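Biologist: I would like to go through this model with you, one question at a time.

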Amino acid sequence: MSRSPVRESVTTIGRDGTRRFLQPAIVIGAWWRARRLVAWLLIAFFALLPWIEVGGFPAVFLDVEHRRFHLLGATLGLGDVWLLFFVITGWGFLIYATTALLGRIWCGWTCPQTVYLEHVFRVVDRFFEGDHVSRAKLDAEPWSRPAKFLRRGGRALAYLVLCWAVAHIFLAYFISIPGLYPMITAAPQAHPAAFVAMAVATGVLFFNFWWFREQLCLIICPYGRLQSALIDDDSVIVGYDEKRGEPRGKAAPGVVAGDCVDCRRCVQVCPTGIDIRQGLQMECVACTACVDACDDVMTKLKRPAGLVRYASLRELAGGRTRFLRPRTLLYAALLTVGLIVATVSLLRVQPAGFKLSRPPQTELYVVSADSVANVFRAKIQNKDDVERRFFVEAEATGTRLTILNQSAGLIIAPQAEVTLPLTLLVDRRDYRGEFNFTLRLRSDDGKVSVLQKAHFIGPDPRTLAR
Amino acid sequence: MQDDEQPVIMPHSYDGIQEYDQSLPNWWLFTLFASIAFAFVYWLANFTTGTLPDDRVALDAELAALEARQLAAVKDLDEATLWKMSRNPTTLAEGQAVYAGLCFSCHGPKMEGIKGVGFRLNDDLWVHGNTGMAVFRNINEGVVFDGKPTGMAAQKALGAGRVAAVTAYLLSFQQQGRMQAIDRTKEPSQLTP
């Protein structure tokens with residue numbers, strides 16, 4: 001197991017393409033404790049969120065079946081999916097901005113892959129198969145030994161139960177806890193689609209945490225590959241202080257040595273199988289395991305900690321980290337603009353939809369004895385969970401525009417959609433040619449006010465002169 | 001294990017750029033070969049042997065089932081039933097709602113018709129057939145007028161049940177046997193509102 005990692009190839013992939021499994025050692029240090037606390041908080045947050053109700057619905061309930069998305073009391077319909085733009089770009093942008101400032105802090109502290117692997121599944125590994133030495137020994141043993149079979153089988157069973165639980169919580173975000181419970185208690189064939197989704201999710205999670213592990217970070221996840229573009233000399237990364245550490249080895253009379261004693265502890269604890277002393281690498285998920293490992297050794301040697309630490313490349317080269325630099329300032333400015341636009345957009349989401357079109361195969365306008373008429377087709381959607389009475393009002397400057405047959409209002413059931421023809425009339429004597437106008441969809445409780453601009457088509461007014 | 005630590009550099013060099021001779025991860029290659037195998041099996045099953053159900057066949061079957069459901073709703077519809085429905089207040093309320101929601105935009109809120117758009121319906125002159133069933137069919141399937149289809153063909157939008165209701169609503173203003181057929185080319189003046 002003591003292969004020396006090299007920068008030119010991936011430690012976990014052999015020359016022949018075979019997968020090499022790592023059995024990293026555990027080191028419990030200050031960073032490890034902080035990371036574990038964060039991980040527990042994140043797992044608790046993920047597991048508890050579907051149970052919390054805001055405004056009669058779970059805090060986050062992505063009801064794909066009914067194409068309705070409940071977020072912290074707000075209900076969004078399929079027509080509001082464009083808001084996802086802000087979620088996706090905001091998420092990406094936030095990660096980019098954080099990377100410029102603090103490196104891959106996302107990977108090491110908050111990415112679900114790291115959180116579950118390091119703080120759930122590796123705990124199971126240690127429980128069933130012992131520390132890294134006995135795990136490596138177990139790897140080498142043949143399956144015919146009952147001890148291996150029992151230990152690894154027990155571990156697999158525990159994995160399966162955990163993945164099954166995570167898959168259920170994941171599914172709860174899409175069908176809610178009240179929707180999930182009857183599915184759990186019912187027979188699988190009663191809800192085949194949900195059962196298959198749950199089984200597939202469990203299988204994928206099991207495969208990921210049992211076999212795939214760091215391959216996801218190294219080969220599938222694009223984030224690490226973007227690192228070279230996102231990180232600059234002032235980004236804080238997990239780095240090895242070469243100036244202090246080198247040359248490695250034991251000091252002896254006549255032999256000059258740095259602080260690194262080449263104990264290889266940092267390599268043993270690395271979950272992606274790199275040697276941090278070779279500098280910043282694509283594989284590094286900034287998990288700080290090597291920081292804890294080295295600090296532990298340095299403390300034992302009564303040398304100052306921080307030979308491997310959070311530091312920027314500039315700091316490691318002897319300079320000072322600049323946090324305020326054009327890049328971070330620009331990111332902060334753009335992030336502020338994005339947040340403002342996203343907030344305004346979210347606040348302007350209406351519990352009703354209102355779309356206008358002209359019905360096909362009808363005349364653009366109709367001139368009768370006393371009026372000019374335009375016919376529109378209005379699509380009115382009640383996105384809310386309560387019945388509402390809707391009114392459509394016409395607003396035009398300088399022209400008296402009336403809507404035929406629109407006095408009592410239109411009652412629309414919750415989440416229903418009605419297509420309503422609107423005949424708009426202008427008195428012939430008032431008609432002064434084509435004009436723009438606005439239609440306002442209003443509800444009697446004042447909760448809805450959606451505007452739609454439209455154009456009134458008509459003949460040249462001179463042709464109407466008697 | 002020392003042998004596999006330093007990868008071999010490939011002999012070629014392009015613009016001074018060289019590359020290591022690294023193998024892809026086997027699991028990665030497996031996804032490639034598995035997708036090739038899947039494509040072959042899928043092609044065999046879907047396009048060659050026809051083992052998998054064709055999408056078009058599945059779509060046609062589903063459309064046929066939908067049509068059958070709609071037809072079942074009006075299976076027993078005949079002239080007498082329509083006229084009976086036209087005197088049933090529940091049906092009329094539904095029909096009126098449909099009319100007020102859709103039909104009025106072309107035929108006018110009081111069925112007085114809109115010139116150049118839709119015929120008046122509140123008289124006893126009928127251009128496209130003077131029976132209840134003819135009116136039902138016209139609303140359901142639409143009529144061709146001056147060589148172009150009109151905007152009706154409402155079966156998809158409303159479903160046959162509501163088309164029957166709105167037909168009944170129209171018939172409620174008529175007397176059975178008193179609907180007159182009219183040739184609009186001969187008596188156009190009768191039709192304008």
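Modeller: Chain B reads α-α-α-α-β-α-β-β-α-α-β along the sequence. This is a predicted model, in which local features need pLDDT of at least 70 and side-chain atom pairs count only at pLDDT 80 or more, while totals for chains, interfaces and linings use all residues. Residues are numbered from 1 along each chain as its sequence is written, and chains are lettered from A and ligands numbered from 1 in the order in which they are written.

Biologist: How many helices and strands does chain B have?

Modeller: Helices (H or I, at least four residues) and strands (E, at least two) are DSSP runs, numbered from the N terminus. Counted in this way, the secondary structure of chain B comes to seven helices and four strands.

Biologist: Which residue of β15(A) is the bridge partner of A:Glu395?

Modeller: Two strands pair if DSSP finds at least two bridges between them. Strand β11 (residues 388-395) of chain A and strand β15 (residues 435-443) of chain A are joined by six bridges in the antiparallel sense, and they belong to an open sheet of four strands with the order β13-β11-β15-β16. Within β15(A), the bridge partner of A:Glu395 is A:Thr438.
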